[in-house]
Amino acid sequence: GRVGAALDLVQECVPEIPYWPQLPRLDAREDLQRQFLEGLPGAVAEEDLVFCQEAAVREAADLYAAAMGDREWLLPSAERARCLHAFTDRHWQKARALKGQLVGPVTLAMCMRDEDGLSMLHSRQMREILVHHLSLSARMQHRHLADGRRPVMLFFDEPYMSIYGTAQFPLSPEEVVELWQDVRGDLECPVGVHCCGATDWSTVARGPFDILSFDAFDYFASLVAHSSQINEFVSGGGILAWGIVPSSTRVADFSSEELAHRWMEGAQQLVRGSSLTVQDLAARSLLTPACGLGTLDVEIAEQVFRSLRDVSHLLRDCLDLGSVVE
């Protein structure tokens, strides 16, 4: 079935850092905003992403008890995250780390609206409830994926950071960073953040993240605009996850050599004027598709993965990195 085929593709093309794919075309509940709604206090009309603050306050007691007592909180059910539940049944022999992901607090809070159309971000109480929910969800996913042999890395998906700084975005930089810090809490694993558009990467780099994941194909200029903060992030031990392969039918328009050259040019641009070299940057980099593949046709997703694998091999050879870049 689709789940087995998706995991087969991951095993074939990204064996060193495999992840569990999201399949929203199989079930709308696997959509980014809905996948982690299960158990969120006050979520009353899930399809429309509506919450009720009164209901949330009533239902929050169990959430807080779980947080205080380190009780297990809900993983998404098998109907919402088929690949997550099937992932741990596989043997990932070549894996050096295992990757999971969940919706970020900024994105989920901005999607969820009350009966008056106001987002969760407008209520300090609802923000607190959301933070506890996602923090526990992250800890539970980490526990589910951890096999005691390899590290787990978790990524928060924050597409709504692409409207950061506009009139539609109600948070200050300090509030954004605080929200991320509260959700990460005491999570003991590498944590990344993914934004697939242009954003203020200097604010993102101030967050509690070990990895910054970005669309290097369409929005690299947004990252370069904050190159001094990005280089500081990398110099301090941070990792960059370059979304170098387009996550669309455009993948057919670019050879692996062209994409590898694109990465080299981008790396040279990013380190210009800093103490870092391209080799330094490569040693602190991962390669990824530009964004999620869950809405693509299988043939296109396969093309993206195979292109990614080829670009990785080309850059490893070119930079003599062995298996550092993935």
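**Strands, helices and enclosed spaces in the predicted model**

Strand 7 is mostly covered, since 6 of its 7 residues are buried. The structure described here is a predicted model, and the values given below were computed from it. Within strand 7 lies Trp 242, which counts as buried because its relative accessibility is 1%, and the cut-off for a buried residue is under 20%. Although Trp 242 and Leu 286 are separated by 44 residues in the sequence, their C-alpha atoms are 6.1 Å apart in space.

Strand 7 takes part in two pairings, which can be followed in turn. With strand 8 (285–289), strand 7 pairs in the parallel sense over 5 bridges, and in this pairing Ala 241 has Leu 286 of strand 8 as its bridge partner. With strand 6, strand 7 (residues 239–245) again pairs in the parallel sense, here over 4 bridges. Two positions illustrate this second pairing: Ile 211 has Ile 239 of strand 7 as its bridge partner, while Phe 214 stands opposite Trp 242.

Strand 6 is joined in turn to strand 5 (residues 191–195) by 4 bridges, and these two strands also run parallel. Cys 195 stands opposite Phe 214 of strand 6, so that Phe 214 can be located both from Cys 195 and, as noted above, from Trp 242 in strand 7. In a regular strand the side chains alternate between the two faces of the sheet. In strand 6 (residues 211–214) both of these faces are covered, with Ile 211 and Ser 213 buried on one side and Leu 212 and Phe 214 buried on the other.

Helix 1 has 12 residues and reaches 16 Å from its first C-alpha to its last, which is close to the 16 Å expected at 1.5 Å a residue. Its buried residues are Val 3, Ala 6, Leu 7, Leu 9, Val 10 and Cys 13. When helix 1 is viewed down its axis, these buried residues fall within an arc of 155 degrees, and they therefore line one face of the helix.

Helix 6 (residues 173–184) also has 12 residues, which should span 16 Å at 1.5 Å a residue; the C-alpha atoms at its ends are 17 Å apart, in agreement with that expectation. Val 176, Val 177, Leu 179, Trp 180, Val 183 and Arg 184 are the buried residues of this helix. Because the buried residues of helix 6 fall within an arc of 155 degrees when seen down the axis, they line one face of the helix.

Attention now turns to the spaces in the model. The largest pocket contains about 1100 Å³ of space and is lined by 43 residues, of which Tyr 19, Cys 291, Gly 292, Leu 293 and Gly 294 lie nearest its centre. Two or more lining residues are given by each of helix 1 (2–13), strand 3 (98–103), strand 4 (152–157), strand 8 (285–289) and helix 12 (298–319). Helix 1, with its buried face, and strand 8, the partner of strand 7, are thus among the elements that contribute to this lining. By class, the lining of the largest pocket divides into 26 nonpolar, 9 polar and 8 charged residues.

The structure also holds 2 cavities of 30 Å³ or more. The largest cavity has a volume of about 40 Å³, and its lining is formed by Asp 70, Arg 71, Glu 72, Trp 73, Leu 136, Arg 139, Met 140 and Arg 143. Of these lining residues, 3 are nonpolar and 5 are charged, while no polar residue is present. The second largest cavity holds about 30 Å³ of space and is lined by Gln 35, Phe 36, Glu 38, Leu 74, Leu 75, Pro 76, His 133 and Ser 137. Here the lining divides into 4 nonpolar, 3 polar and 1 charged.

A last point concerns the backbone at a single residue. Most residues other than glycine have a negative phi. Leu 49, however, has a phi near 55 degrees, which is a positive value in a residue other than glycine. Leu 49 is found in the loop between strand 1 (43–45) and strand 2 (50–51), and it counts as buried because its relative accessibility, 15%, falls under the 20% cut-off.

Definitions and conventions:
Residues are numbered from 1 along each chain as its sequence is written. This is a predicted model: local features need pLDDT of at least 70, side-chain atom pairs count only at pLDDT 80 or more; totals for chains, interfaces and linings use all residues. Side-chain values use heavy atoms; hydrogens and water are left out. Buried means under 20% relative accessible area, exposed over 50%, partly exposed in between (1.4 Å probe, protein chains only). Two strands pair if DSSP finds at least two bridges between them. On a 1 Å grid over the protein atoms alone, a cavity is a set of points where a 1.4 Å probe fits but cannot get out, and a pocket is an open set with protein on both sides within 12 Å along at least five of seven lines; lining residues have an atom within 4 Å of a point. Grid points are joined across faces, edges and corners, and a volume is the space filled by probe spheres set on the points. Ala, Val, Leu, Ile, Met, Phe, Trp, Tyr, Cys and Pro count as nonpolar, Asp, Glu, Lys and Arg as charged, and the others, Gly among them, as polar. The expected span of a helix is 1.5 Å times one less than its number of residues. The arc is that of the directions from the helix axis to the C-beta atoms.
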